[in-house]
Amino acid sequence: MVSRWAYSDFEIDGKVIKRGDSVNLMLGSANRDQEQFVNPDELNFQREESKHCGFGSGIHFCLGATLARAEATIALNTLINRLPNLNLKEDAIEWADNIVFHGPKHLHLTFSSPRDVKGLWGHDHV
Ligand code: HEM
C-alpha cells in the first residue's frame with residue numbers, strides 16, 4: 001500500500017475525491033486484478049505481463065527495484081535449487097495483520113534432504 005494526498009478534486013469510479021483527501025492505494029490488490037492479469041492469484045515465474053505496480057510508479061518509482069529483482073532472483077533460485085520438493089505444510093495460511101506489508105505470519109514448509117549444491121559463484125553460500 002502507498003498513500004497520497006489529492007492535489008486537486010477528481011472523481012474515480014463514482015467516488016468524489018477532494019483536494020487534500022488522503023488516498024490509500026492498495027498495490028497488492030491491483031496486482032491481483034483479473035482484468036489485468038491471467039490467473040492473478042497463481043504464482044507464475046513465467047508471466048509475460050510486466051504491468052504490475054509492486055514497485056510503485058511515476059516519480060516515486062522504487063529506487064531499489066533493480067537490486068530487489070536481483071536479490072529475489074538469487075534468493076528464489078537458491079531456495080528452489082537447495083531444497084528439493086519444497087511444499088507448503090499448512091492447509092491454510094495465517095496472514096500477518098499488516099496492510100502495508102502483506103505477508104504470512106509464518107510459513108511452515110516441507111522439503112527433502114537439502115542438496116549440497118554450489119552457489120552461483122562456484123562456492124557454497126547460505
Ligand atoms: C521487493 C522489494 C521492494 C519492494 C516491493 C519495494 C516497493 C516500493 C514501492 C511500492 C515504492 C513506492 C512508494 C511510493 O510511491 O510511495 C518504493 C519506493 C522506494 N524504494 Fe523500494 N521496494 C523494494 C526494495 C527496495 C530496495 C532494496 C531499496 C534500496 C536499496 C528500495 C528503495 C526505495 C526508495 C529509496 C524509494 C523511494 C523512491 C522515491 O520516493 O522517489 N526499495 N519501493
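Predicted model: local features only at pLDDT ≥ 70, side-chain atom pairs only at ≥ 80, totals over all residues.

Residues are numbered from 1 along each chain as its sequence is written, and side-chain values use heavy atoms, with hydrogens and water left out.

The iron atom of the ligand has Cys62 as its only protein donor, through SG at 2.3 Å. Donors here are N, O and S atoms within 2.8 Å of the metal (3.2 Å for Na, K and Ca), and sites may look incomplete because water is not among the atoms. Cys62 lies in the loop between α1 (27-30) and α2 (65-82); helices (H or I, at least four residues) and strands (E, at least two) are DSSP runs, numbered from the N terminus. With a relative accessible area of 29%, Cys62 is partly exposed, on a scale where buried means under 20%, exposed means over 50% and partly exposed is in between (1.4 Å probe, protein chains only).

The whole structure contains zero disulfides, a disulfide being a pair of cysteine sulfur atoms within 2.5 Å. Cys53 is in no disulfide, and its nearest cysteine sulfur, that of Cys62, is 13 Å away.

Helix α2 holds Thr78 and Leu79. Thr78 counts as buried, at 16% relative accessibility, and its side chain reaches the backbone oxygen of Ile74 at 2.6 Å. Leu79, by contrast, is partly exposed at 35%. Together with Leu43, Phe45, Leu76 and Ile80, Leu79 forms a nonpolar surface patch with about 510 Å² of accessible area. Such patches are made of residues with over 30% relative accessible area and no salt bridge, where nonpolar side chains (Val, Leu, Ile, Met, Phe, Trp, Tyr) are joined within 5 Å and like charges within 9 Å. The areas come from the Shrake-Rupley method with a 1.4 Å probe, and for residues only the protein chains shown count as cover.

How many salt bridges are there? The count comes to two, where a salt bridge is a side-chain nitrogen of Lys or Arg within 4 Å of a carboxyl oxygen of Asp or Glu. In one, Asp41 meets Arg32 at 2.9 Å, N to O; Asp41 is exposed at 61%, and Arg32 is partly exposed at 46%. In the other, Glu94 meets Lys105 at 3.2 Å, N to O. Glu94 and Lys105 both lie in the loop between β5 (87-88) and β6 (109-110), eleven residues apart. Glu94 is partly exposed at 40%, whereas Lys105 is exposed at 51%.

How values were computed: Polar contact = N/O pair within 3.5 Å; in protein donor to acceptor, adjacent residues only side chain to side chain.
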